Amino acid sequence: SSCPARRVAAALAGVLLVSASLAISSSVEARELSVSTVLSDAFPWGQAAEKWAERVAERSGGELTLRVYPNSQLVSGDQTREFSAMRSGLIDAAVGSTINWSPQVPELNLFSLPFFMPDVESVDAVTGGAAGEMVFEAIASRGVVPLAWGENGFRQLSNSQGPIDEPADLEGLKIRVVGSPLFQDTFTALGANPTQMSWADAKPALTTGAVDGQENPLSVFDVARIDQVGQEHLTLWNYMNDPLVFAVNRQVWESLSEQERTILRESAEEAGAWEIAMTREEEPARLAAIQERGVTVTELDEAQHQAFVEATEAVHDEWVPRIGEAIVEAARSDMQPD
Ligand code: X2X
């Protein structure tokens, strides 16, 4: 063993062993993070999560992967528990709706204030402005790291009973609403009879006629074929936009390398921008498809729109203090044209 050639061979073998075990340990360390979504990849929302996963896998060379669990399956169908599950580490990450997270992050109700952000320009001004940053800080202060925005879309109103073009048409209609109490207030203010239930329960309730109506973006109405469960009337009222947020549990985030964090964040930004653009581009074709299936589409003129705005003013009085005056003010100035 004093022979130099043997020593070199032994040293080389050692190097090979070390590098082999490094390769093994790095593949053992390759991490898979769970990502929760409410809607599957039949919808832009689920496609946003899949795009995120695709980009992260590509850029990390497979060392970091995201596995998407759609249909709120990680929270047994209860989408209002998604944020808590992510905060506590039951799930690692999510692409979630501001509505579904608002029970834990009241600032997210900013987006649900009725008739507050009238068009995509104002939504972009808010998410990309000072208010958007404040909303992200509010999420971060509750133990979850927000990375990027996506979009479920402007929520439109459908029902089985007849065309709706004024608040009086909603009188007594049973409307399925999502998980924030703000929606109870909005639909109560309009004279309707709101019932809160998860998305998993919504379609059965529409099918049996347990509820008369619901509200969701055109992509959801179209893909879920809401027209097939008796929803023959659709009112385009753009009463609120439902942004999505890409986010990660804080402990998971802190356990990642700087490089992995960059990959996660930049991939989320890319996937979000891609999905927002696609969702908006597809809306005219979706609307046309919905109309072709025989759904009556009602658009509001200025006076009709104004009647809805006035009927829901009390919701602002009630909710602006809960959201935070400062965030609402920041959103107002973000939306003001220069
Ligand atoms: O439950 C809904 O209506 C949905 C799918 O749009 C959300 O998760 C907010």
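How many nonpolar, polar and charged residues does the shell around the ligand have? By class, six are nonpolar, five polar and one charged. For the classes, Ala, Val, Leu, Ile, Met, Phe, Trp, Tyr, Cys and Pro count as nonpolar, Asp, Glu, Lys and Arg as charged, and the others, Gly among them, as polar.

Before the details, two remarks on the model. It is predicted, and local features need pLDDT of at least 70, side-chain atom pairs count only at pLDDT 80 or more, while totals for chains, interfaces and linings use all residues. Residues are numbered from 1 along each chain as its sequence is written.

Back to the ligand. The residues around it are Val38, Leu39, Gln79, Ser97, Ile99, Asn100, Asn152, Val178, Trp199, Asn216, Val220 and Asp242. A residue is listed there if its C-beta atom, placed from the backbone, lies within 6 Å of the molecule.

Now the chain. The chain has 14 helices and 10 strands, taken as DSSP runs numbered from the N terminus, with H or I and at least four residues for helices, and E and at least two for strands. The C-alpha trace spans about 100 × 40 × 35 Å along its principal axes. Of the 338 residues, 44% are buried. Buried means 20 or more other C-beta atoms within 10 Å of the residue's own, exposed means 12 or fewer, and partly exposed is in between, with C-beta atoms placed from the backbone.

On contacts, two residues count if their C-beta atoms, placed from the backbone, lie within 7 Å. Among contacts between residues at least 6 apart in sequence, 76% join residues at least 24 apart.

Next, the core. The largest nonpolar core has 87 residues, and Val35, Trp52, Ala93, Val95, Leu110 and Ala247 touch the most other members. Such a core is a set of buried Ala, Val, Leu, Ile, Met, Phe, Trp, Tyr and Cys residues joined through C-beta atoms within 7 Å. Leaving out residues up to four places away in sequence, Ala247 touches Met86, Ala93, Ala94, Gly96, Ile139, Val144, Val145, Pro146 and Leu147.

Trp253 sits in helix 10, residues 250–255, and is partly exposed because 18 other C-beta atoms lie within 10 Å.

Leu206, in helix 8 (residues 199–208), is buried, since it has 23 other C-beta atoms within 10 Å. Its contacts, again not counting residues up to four places away, are Arg176, Val211, Gln214, Ile226, Val229, Gly230 and Gln231. From Leu206 to Ile175 the C-alpha distance is 9.3 Å, across 31 residues of sequence.

Two residues other than glycine have positive phi. Ser76 has phi near 50 degrees and lies in the loop between strand 2 (64–69) and helix 3 (82–88). Ser76 has 10 C-beta neighbours inside 10 Å, so it counts as exposed. Phe115 has phi near 60 degrees, in the loop between helix 4 (98–101) and helix 5 (120–127). Phe115 is buried, because 20 other C-beta atoms lie within 10 Å.

Last, a helix pair. Helix 13 (residues 313–323) and helix 14 (residues 325–335) have axes that come within 6 Å and cross at roughly 105 degrees. Helix 13 is therefore roughly perpendicular to helix 14. The axes are lines fitted to C-alpha atoms over the stretch in contact, with angles from 0 to 180 degrees between N-to-C directions. Under 35 degrees counts as roughly parallel, over 145 as roughly antiparallel, 65 to 115 as roughly perpendicular and the rest as oblique. Val320, Pro321 and Ile323 in helix 13 meet Glu325, Ile327 and Val328 in helix 14. By class, that contact has five nonpolar, no polar and one charged residues.
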